[in-house]
Amino acid sequence: MEDTIVALATAMGEASIHIVRLSGPEARRIIDECFIPRSRERWLRHDNFTLTLGVFKDEDRILDEVLIGRMAAPNSFTGEDVYEINCHGGPFVAQRIVRTCLRHGAHHAEPGEFSKRAFLNGKLDLVQAEAIIDLITSKTETSANLALTQLSGGLTKIIIDLREKILEILAFIEAGIDFPEDDVETLDRKALANRLEEALSVTRDLLEGSKTGKILREGLLTVIVGRPNVGKSSLLNALLKEDRAIVTDIPGTTRDEIREYVSVGGILLQLVDTAGIWESKDIVERLGIERTWNALKSADLIILVIEANVQLSEDELYILETYSDKIITLVNKIDLLQNDKIDIPNIDYWIPFSVLLHKGFADLENEIKRRVYQGEIINSSDPLLSNTRQISSLEHSYAALQQAKNSLNSFMPWDILSIDIRQALQYISELTGHNVQESLLDDIFSRFCIGK
């Protein structure tokens, strides 16, 4: 924190402009030594949040004509003096500016170090900091909106309020420990039970929403399965809007898994096209079929593609029975039917489908959205937990609160209750960053790019 750091904040390569970011206690001195403003009078006013045109130099050699943005502490992203040097977009130009800053006393920033300083200086909490990387890596509009909601602090407010509730419970219990002889509310177990149930209710709601949040952030592992030539690869190509998989009339064309990401109704799907399930004598294809069965075990969603009015195979019946809670059945090739009658025994719900005529895609999208949102009206502006680390911390906090409730119902001593509540407080504090180990911070911010 005592060092001044510098890094290229834009992607390496040719571009219209590059931005070099400088932050720290010596940032202003370094800029004053290397920058000659076109209007010195305006520059000396030190106006905040301004862009100033001038030249950046190394000793007596001019490196580039630049625009410098000035954000003085504490009103900056990091909470320190921050200068952003907008230079021409050649990578050589930007690197010369970085090297000049290094020679004048700056240190090269580690991955995520600007964001880490923002957290340490109280500009971001840990939930917001992790939302930055989620926003950068988002693959759909929905996941980007979810990250923006977390970054704006909507989720943080709910979690901070929950932490305050837990703190109040702890104070309530410790008052009972300190003043056991007083006949006051602190000894009222019913009042404590009400407070505990309120905290548990908020935690349950957050955990329930996290199931949807995690799906919106990470996507659904979606396996397309069925017998050969039923239209699995054609479905994959149609969803991707490109010929990703080879499609022929020859059974067994797909022999290995093909994995691609696609957004369907704002929900990210990791699509897996698999080898057709049948009794093959080809050893290579049999290996592919074995991978298909393994993929089904880990799938979040299974799209079973069958043909209309074709008797279901034993494998298809087994899949329907074993994975009934996560299957969407598509009855494909309805364009080949002589009439509109479709007879599918053993299946309660199925979608009439034709990849060729592009029929049934809207119904498939609606069914996927229904499965994700569980029939509830949830959108990406709702504050939802989506990060695995955050969900794990909240689950541990919930378990400790539940243990405290059980101890209360068993008329355990107040100091036993205090242990459970302190544990709940510890986990919720790890979630927000109020109490977090340095090794965890290093792990979180190392996933950021350099310059962020």
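**Cysteines**

I searched the whole structure for disulfides (pairs of cysteine sulfur atoms within 2.5 Å) and found zero. The model is predicted: local features need pLDDT of at least 70, side-chain atom pairs count only at pLDDT 80 or more, and totals for chains, interfaces and linings use all residues. Residues are numbered from 1 along each chain as its sequence is written, and side-chain values use heavy atoms, with hydrogens and water left out.

Cys 34 is buried at 0%. Cys 87 is buried too, at 2%.

**Whole chain**

I counted 15 helices and 13 strands in the protein chain. These are DSSP runs numbered from the N terminus: helices are H or I, at least four residues, and strands are E, at least two. Of the 452 residues, 49% count as buried. I then took contacts (heavy atoms within 4.5 Å) between residues at least 6 apart in sequence. Of these, 64% join residues at least 24 apart.

**Cores**

Which residues touch the most other members of the largest nonpolar core? They are Leu 235, Ile 267 and Ile 368, in a core of 31 residues. Such a core is a set of buried Ala, Val, Leu, Ile, Met, Phe, Trp, Tyr and Cys residues joined through side-chain atoms within 4.5 Å. Elements supplying at least two residues each include α8 (189-218), α9, β10 (267-273) and α12 (361-373). A second, separate core has 30 residues, among them Leu 192, Leu 196, Leu 200 and Ile 421.

Beyond four places in sequence, Leu 235 contacts Ile 224, Ile 303, Val 305, Leu 330, Phe 353, Val 355 and Phe 361. His 358 is 123 residues from Leu 235 in sequence, yet their C-alpha atoms are 9.5 Å apart.

Ile 267 was next. With neighbours within four places left aside, its contacts include Ile 215, Leu 216, Val 262 and Ile 368.

**Helix packing**

I looked at α5 (residues 126-137) against α6 (residues 141-151). Their angle is about 160 degrees, with axes 8 Å apart. Axes are lines fitted to C-alpha atoms, for helices over the stretch in contact, and angles run from 0 to 180 degrees between N-to-C directions. The pair is therefore roughly antiparallel (over 145 degrees; under 35 is roughly parallel, 65 to 115 roughly perpendicular, the rest oblique). Residues making the contact include Ala 131 and Leu 135 of α5, and Ala 144 and Leu 148 of α6.

α6 also packs on α8, at about 120 degrees with axes 8 Å apart. That makes α6 oblique to α8. Thr 142, Ser 143 and Leu 146 of α6 meet Gly 213, Leu 216 and Arg 217 of α8.

**Asp 420**

Last, is Asp 420 buried or exposed? Asp 420 counts as buried, at 10% relative accessibility. Its helix is α14 (residues 414-432). Outside four places in sequence, Asp 420 contacts Ala 400, Gln 403, Ala 404 and Ser 407.

Terms used:
Buried means under 20% relative accessible area, exposed over 50%, partly exposed in between (1.4 Å probe, protein chains only).
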